[in-house]
Amino acid sequence: MSLRDKHVLLIISGGIAAYKTAIIASTLRKQGAQVKCVMTKHATEFITPLTLREISGNPVAVSMFADVPEFHVEHIALAEWAHVVLVAPATANIIGKAANGVADDMATTVLMATTAPVMVCPAMNTNMWNNKIVQRNVQILKDCGYTIMQPDSGVLACGTVGAGRLPAPERIIEALEYVADERKELCGQKVIVTAGGTREALDPVRYIGNHSSGRMGFAIARAAAKCGADVTLVAAPTDLVTPFKVNRVDVMTTGEMKEAVDRLYDDANIVIKAAAVADYRPAVRAQQKIKKNDDKLTLNLVKNDDILFSLGQRKGNRILVGFAAETTDVIKYGKGKVAKKNLDMLVANDITAEGAGFKGTTNIGAFIYPDGTVEEQPLMSKDELAERIIDRVIDIYNKKNL
Ligand code: PMT
């Protein structure tokens, strides 16, 4: 999914973060989108229309009554041209006007006239953001179908520390892709995705773990959310940023992952277990650092519960998808896991293959189904593989609900 060939109308209102719209416009164009900008008069105090005209490659509209020959009735032409509208930064003022039907300049008039999906990125002082009137107006916009991207927290231009910062341009663009291309196939479905490698502490310093980066699971969570699912990502430790519209529960150990998944399972319709789960944990976790006094150290390990197996035992009408990281006899072991864990589909990875498995941004998988069918997937990015997995899950869902 990308914004290639999409018409993005960027509405810029008067906040200090307006300067970041130059990066947003430039990145969108590099991705192959067409960009047109509309600015409020106050926005022009923070960044010039000339800058945005050069970056977007299009005239910038500020006034309702300027003579721009390209458009007949300019606000309507712009509103109709847009495939998707991004309001960034959105000040309390433009949010208030949009929520209350005020259209007194080019920006608010175009916003009112468009039927394209709209994403609003509020950015303002923390107290303004927390103001009940602003929050009420934000809720009105949500109720009207606008997507609101929550502002980031941090040090603001006014010196305050708190919520109100415009998120980084790449996160805004990722979120805009959802809004522009929103699919609905999994609307109303509650999806649990697990990601990353669980860790079992030996002592306060060391742990038993594996090489999972969480990339595969995060890509699946992102792909499911893009299809409208209500996604909860149960994540073992990773530095990855939570995908847009995904809820996240952080866990450390296999026991914590089981607890989190079990808690969510009653309400879930689909579970996809991409996590690499520690099968064993130390029988005793040393309270102090284990000293290297002896030549040998013998660890006593006990088996962890198999989370996926236990979900399969009480599966009901849910869809269960497992993964298998194998080094030999990938398909044979994969088929065994489909049967043993009562799965609707399993993604088997031969982690010895170049470009497959842990850490990297690519993977090679084989989809294995309960009837023994195998669909080999060539090398591709984890994002692409995730989208294929979600497409198959949608097929399974549709067959089950015919
Ligand atoms: O995170 P990345 O760096 O992107 O790497 C992706 C990946 C290689 C981790 C991923 O593609 C993958 O293969 N994940 C599953 C790895 C694994 O633990 O396989 P397994 O064969 O040990 O487990 C089979 C299935 O049972 C898995 O869905 C696993 O989540 C689940 N399981 C395993 C053990 C256990 N105690 N509880 C479980 O639920």
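This is a predicted model: local features need pLDDT of at least 70, side-chain atom pairs count only at pLDDT 80 or more; totals for chains, interfaces and linings use all residues.

Let me start with a question: which atom of the ligand lies 2.7 Å from a polar side-chain atom of Ser 213? It is an oxygen atom of the ligand, and such a pair is called a polar contact, meaning N or O atoms within 3.5 Å of each other, where a pair within protein also needs one atom able to donate a hydrogen and another able to accept it, and where residues adjacent in sequence count only if both atoms are side-chain atoms.

Residues are numbered from 1 along each chain as its sequence is written, and side-chain values use heavy atoms, with hydrogens and water left out.

Staying with the ligand, a polar side-chain atom of Lys 382 also lies 2.7 Å from a ligand oxygen atom, whereas Leu 308 uses a backbone N or O atom, at 2.9 Å from an oxygen atom of the ligand.

Eight strands form an open sheet of mixed pairing, in the order 12-11-8-13-16-17-18-19; here strands are DSSP runs of E with at least two residues, helices are runs of H or I with at least four, and both are numbered from the N terminus. Two strands pair if DSSP finds at least two bridges between them, and the edge strands, which pair on one side only, are strand 12 (246–250) and strand 19 (374–381). From one strand to the next, the twist averages 20°, with axes fitted to C-alpha atoms, for helices over the stretch in contact, and angles running from 0 to 180 degrees between N-to-C directions.

Within this sheet, strand 13 (residues 270–273) runs parallel to strand 8 (residues 190–195), joined by four bridges, and Thr 194 has Lys 273 as its bridge partner. Four bridges also join strand 13 to strand 16, again in parallel, and there Ile 270 is partnered by Ile 319. Which way do the side chains of strand 13 point? Ile 270 and Ile 272 point one way and Val 271 and Lys 273 the other, and all are buried, where buried means under 20% relative accessible area, exposed over 50% and partly exposed in between, with a 1.4 Å probe and protein chains only.

Why does Ile 307 count as buried? Because its relative accessibility is 2%. Among the residues that Ile 307 touches are Thr 254, Met 257 and Lys 273, contact meaning heavy atoms within 4.5 Å, and the C-alpha atoms of Ile 307 and Lys 273 are separated by 9.2 Å, although the two are 34 residues apart along the chain.

Terms used:
Lists of a residue's contacts leave out its neighbours within four places in sequence.
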